[in-house]
Amino acid sequence: MTVQTVPMLDETPVGDALLRRIERFYYREARLLDREAYADWLTLLDPGIRYWMPAMETRKRGDQRGPWTDGEMSYFDDDFAMLKVRVARYEQPSAWADNPATRHLHIVTNIEAIETGTPGLVRAFSCFENVRNRNEKDQDVIHGRREDLLKLDGDRITLAERRILIVQNILLSKNLNTFF
């Protein structure tokens, strides 16, 4: 099941207690990413995750495809195994793009969560700002939205799917050595 195929029940919001748990989940995730605690971040992910950041295209309003299309260009379209490879890369001494370390700031806001009608699955939406600063002058700021599918298992929440929709049509960043 994907974010697009999980049904919504007329966008029925989750209860306040669950919304608070989801907010805490996102704030913890942001803190782990800011600290580059990527191994800990992986524990927040479901092994069946799809982590997808499609490339945005400028298209006419009448174009039925919208600004992105599944199966076309993307910056990331990773599964759990690929995310583990990306995390392992940070540990390598040859990862020169991350030495000296990049300073990260992840801001998460506009968090909404709605029922899906499927027990244990919640659809969540949020906006983010990702700021990276490296060396003396390199700074990137990327804004966007995230559309997630979260799995609930008792007290545990895991990220089952993430679609990252950035505002920028063209990224001017030298690299994308970050997670959103």
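Author: Helices (H or I, at least four residues) and strands (E, at least two) are DSSP runs, numbered from the N terminus. This is a predicted model, in which local features need pLDDT of at least 70, side-chain atom pairs count only at pLDDT 80 or more, and totals for chains, interfaces and linings use all residues. Residues are numbered from 1 along each chain as its sequence is written, and side-chain values use heavy atoms, with hydrogens and water left out.

Reader: In which loop does Glu36 lie?
Author: Glu36 is a residue other than glycine with a positive phi, near 60 degrees. Its place in the chain is the loop between helix H1 (16-34) and helix H2 (38-42).

Reader: Is Asn135 buried, exposed or partly exposed?
Author: Asn135 is found in the loop between strand E4 (121-134) and strand E5 (138-153), and its phi is positive, near 55 degrees. Buried means under 20% relative accessible area and exposed over 50%, with partly exposed in between (1.4 Å probe, protein chains only). Because its relative accessibility is 36%, Asn135 counts as partly exposed.

Reader: How many charged residues are in the lining of the largest pocket?
Author: Asp, Glu, Lys and Arg count as charged, Ala, Val, Leu, Ile, Met, Phe, Trp, Tyr, Cys and Pro as nonpolar, and the others, Gly among them, as polar. By class, the lining of the largest pocket holds three nonpolar residues, five polar and five charged.
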